[in-house]
Amino acid sequence: MAGATPTLIGIPWDANSSFLRGAAAAPPLIREALFSPASNTWTELLVDLGAPGRLADAGDLALPDSADAIGIIEGAVGLLLEDGGAPLALGGDHAITYPVVRAVARRFPGLTILHIDAHPDLYDEYEGKRLSHACPFARIMEEGLAARLIQVGIRALNGHQAEQSRRFGVEIIDMRGWAAGIRPVAGGPVYVSIDLDGLDPAFAPGVSHREPGGLSVRDVIGLVHALPSPPVGADVVEFNPSRDPAGLTAHVAAKLLKELAGRMLEP
């Protein structure tokens, strides 16, 4: 991915969210936190994202409240890649990952996905929807879009999704495994998908599906810093501003995006 420019792309879509909607409102608030004068543009690994040409922004997509959004998202990310960008997608709910990965996988075969989440999102269908935010990784693996799917932080697995994980050969590091010291070993082109409910709600309360017992912000930053090569794309999803009155989760999302962008710029 040498020479690619990390490029923000807002994907304000939550039409297939369960329980609560609201994640579609997230992209502008994440940007506001990312460029807040309360912080600066340097990453922890001393990359200045404010330097010319370091970070681009493709703006927010205009999306219908229907499944037609899937094709629009995939097409927009494909154009971004063709133009020399490395996509940094701002969700939206986790359903956006499926069309983003469809575009990325065409350019980077043999993709490894590092997926940080409380939930495996492997349902065959949920509430009658195969494009639900509870299903994107079932669609991704069915289509062979990733050679490996590594999930970290899982703590809401059920019987159906456990069977799905076996079917697709998913490598799961649940929170018990994490606490025991198990860490992911990725290789090849890597795509990172961060659902903010993978973090403990003490760190990221502004999500629709709070699941106690999760990762810390430092844990997730450590995973990003430990990637064996610069990621070829990434998303940060499931920030629900209506559940984040103090604005804490927006700043967590911005921090993670900053560190991902910095890693993308490594030679």
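Reader: Is Glu142 buried, partly exposed or exposed, and what is its relative accessible area?

Author: The model is a predicted one. Buried residues fall under 20% relative accessible area and exposed residues over 50%, with partly exposed in between. Glu142 is therefore classed as partly exposed, its relative accessible area being 32%.

Reader: Which salt bridge does Glu142 form with Arg139, and at what N to O distance?

Author: Side chains of opposite charge can pair when their charged atoms come close. Arg139 and Glu142 both lie in helix 4, 3 residues apart, so about one helical turn separates them. Their side chains meet in a salt bridge with an N to O distance of 2.9 Å.

Reader: Is Arg139 buried or exposed?

Author: The limit for a buried residue is under 20% relative accessible area. Arg139 has a relative accessible area of 5%, so the class that applies to Arg139 is buried.

Reader: Which parts of the structure does the pair of Arg130 and Glu142 tie together, and how many residues apart are they in sequence?

Author: Arg130 forms a salt bridge with Glu142, and the closest N and O atoms are 3.3 Å apart. Arg130 belongs to the loop between strand 4 (112-116) and helix 4 (136-142), while Glu142 belongs to helix 4, so the pair joins parts that are 12 residues apart in sequence.

Reader: How many charged residues are in the lining of the largest pocket?

Author: The largest pocket holds about 200 Å³ of space. Its lining comprises 14 residues, with Ser18, His119, Asp121, Ala134 and His209 nearest the centre. By class, the lining has 4 nonpolar and 6 polar residues, and the number of charged residues is 4.

Definitions and conventions. Residues are numbered from 1 along each chain as its sequence is written. This is a predicted model: local features need pLDDT of at least 70, side-chain atom pairs count only at pLDDT 80 or more; totals for chains, interfaces and linings use all residues. Side-chain values use heavy atoms; hydrogens and water are left out. On a 1 Å grid over the protein atoms alone, a cavity is a set of points where a 1.4 Å probe fits but cannot get out, and a pocket is an open set with protein on both sides within 12 Å along at least five of seven lines; lining residues have an atom within 4 Å of a point. Grid points are joined across faces, edges and corners, and a volume is the space filled by probe spheres set on the points. Ala, Val, Leu, Ile, Met, Phe, Trp, Tyr, Cys and Pro count as nonpolar, Asp, Glu, Lys and Arg as charged, and the others, Gly among them, as polar. A salt bridge is a side-chain nitrogen of Lys or Arg within 4 Å of a carboxyl oxygen of Asp or Glu. Helices (H or I, at least four residues) and strands (E, at least two) are DSSP runs, numbered from the N terminus. Buried means under 20% relative accessible area, exposed over 50%, partly exposed in between (1.4 Å probe, protein chains only).
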